[in-house]
Amino acid sequence: TYETFDDAYIAELNEIYHHAEFFNEPRGFSSREKLGVHFKIENPVQRIVYSQTRKTNIIFNFAEALWYLTGNNSLSYISYYNKRMPDYSMDGQTLTGTAYGKKLFHFGEQNLNQWQNVKQELLNDADSKRAVIQIFDAHELTINQNLDVSCTLGLQFLIRNNQLNMVAYMRANDAFRGIVSDIFSFTFIQEFMARELNLKVGKYYHSVGTMHIYEPDNQWVTHVLNESNDQTFISPKMPQGNNWAMVHELMHYEEKLRKKELTMNWVNIQHTELSSYWQQILALFSIYQMIYYHEEVDQVLFDHLLPVYQHLLLNRWPTKMS
Ligand code: 5HM
């Protein structure tokens with residue numbers, strides 16, 4: 001049990017690195033692993049990894065979580081935020097396994113909206129143990145040379161003591177890289193569902209078949225583990241209630257920013273209908289447009305970010321933010 005994801009990340013990384021059970025080469029990639037890893041996070045709203053050497057990309061984290069919530073599987077969207085994504089695409093247009101949003105809102109041939117189904121299940125029976133969103137699809141193993149097989153099997157929501165708990169089940173999780181964005185996104189989804197159902201956010205449980213570290217990351221991993229990290233930050237809570245209108249408006253601006261059809265300063269952002277929690281994310285996307293298109297970062301916009309986001313941007317892009 002850990003209080004925050006930051007605590008869990010360092011402890012579990014240390015455990016896999018120093019006490020691996022197996023050294024092997026799945027699909028030819030040397031790695032060390034532990035099987036059947038489970039842990040609990042008491043406060044899933046605190047979902048950011050602060051390590052100075054790991055250098056969390058908070059903008060990618062939000063972009064990916066929102067990619068899931070919009071049901072989108074487009075490669076052009078997500079590769080704008082992460083240059084490595086095209087490596088996993090079979091057709092150069094979409095992602096099949098990693099695009100969990102498509103699974104959440106348009107699962108399989110029947111195009112099932114699992115979000116609505118799970119929400120309805122929880123409204124019908126608050127004690128339900130059936131509120132599962134399925135992600136891995138048996139079809140994925142039938143595709144020859146599949147580059148992108150979902151690592152996540154499913155997400156289970158459980159209301160207990162009026163709190164929304166969630167269990168994420170993964171067949172495989174990269175304990176150094178993938179986990180940073182996976183737990184960010186899954187706990188974001190948990191919080192989003194909790195706010196929508198007007199419940200408190202409960203605990204988050206992470207359950208993984210194989211948790212591993214790839215050998216080329218070993219040196220970087222040791223730097224992260226040797227770092228003394230005594231900085232603590234608080235990340236903000238999502239507003240209570242239904243946040244869908246906020247997401248739709250935010251993503252309307254996101255698309256224009258990404259395609260460079262619009263630029264936004266702090267005054268423009270304040271004039272949107274977004275509440276301050278969502279304005280902060282829009283400000284991050286606006287700053288990312290400046291980073292991506294090699295423009296000078298707007299200092300006024302940066303100055304209006306929450307301290308936690310300022311810290312993460314300074315740590316990740318020190319020369320851009322000065
Ligand atoms: O050979 P395999 O399909 O398991 O390779 C996928 C790799 O990406 C694994 O190391 C898996 O743990 C990592 N991964 C992750 O950690 C992949 C995805 C995409 O679904 C993810 N987290 N979300």
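## Helix 2 against helix 6

In this predicted model, helix 2 passes helix 6 in a crossing that is right-handed. The axes of the two, helix 2 being formed by residues 58-69, come within 9 Å and cross at roughly 50°, and helix 2 and helix 6 are therefore oblique to each other.

On the side of helix 2, the contact is made by Phe60, Asn61, Glu64, Ala65, Tyr68 and Leu69, while helix 6 brings Ser181, Phe184, Ser185, Phe188, Ile189 and Phe192 to it. Sorted by class, the residues in this contact of helix 2 with helix 6 comprise eight nonpolar, three polar and one charged.

## Helix 2 against helix 10

Helix 2 also packs with helix 10, which spans residues 276-292, and here the angle is about 115° with the axes 10 Å apart. The crossing in which helix 2 passes helix 10 is left-handed.

The residues of helix 2 that take part in this contact are Ile58, Ile59 and Phe62, and their counterparts on helix 10 are Ile281, Leu284, Phe285 and Tyr288. The contact of helix 2 with helix 10 consists of seven nonpolar residues, with no polar and no charged ones.

## Helix 1 against helix 7

A further packing pair joins helix 1, made of residues 5-18, to helix 7, made of residues 218-226; their axes lie 10 Å apart at an angle of about 130°, which makes helix 1 oblique to helix 7. The crossing of helix 1 and helix 7 is left-handed.

Helix 1 contributes Leu13, Asn14 and Tyr17 to the contact, and helix 7 contributes Val221, Val224 and Leu225. By class, the contact of helix 1 with helix 7 holds five nonpolar residues and one polar residue, and no charged residues.

## Surroundings of the ligand

The ligand is surrounded by 13 residues, of which the closest are Thr98, Cys151, Ala172, Asp174 and Gly178. By class, the shell around the ligand is made up of four nonpolar, six polar and three charged residues.

Strand 5, running over residues 163-174, and helix 6, running over residues 178-196, each supply at least two residues of this shell. Strand 5 gives the most to the shell around the ligand, its share being three residues.

## The annotated domain

An unreviewed UniProt entry carries the annotation "domain: Thymidylate synthase/dCMP hydroxymethylase", and according to that record the domain covers residues 8-229.

Note on methods. Residues numbered from 1 in each chain as written. Predicted model: local features only at pLDDT ≥ 70, side-chain atom pairs only at ≥ 80, totals over all residues. Axes fitted to C-alpha atoms, helices over the stretch in contact; angles between N-to-C directions. Helix = DSSP H or I, 4+ residues; strand = E, 2+ residues; numbered from the N terminus. Parallel < 35°, antiparallel > 145°, perpendicular 65-115°, else oblique. Left-handed = near helix turned anticlockwise from the far one by under 90°. Contact = placed C-beta atoms within 7 Å. Nonpolar A, V, L, I, M, F, W, Y, C, P; charged D, E, K, R; others polar. UniProt positions renumbered as here; feature names shortened; annotations may be inferred. Near = placed C-beta within 6 Å.
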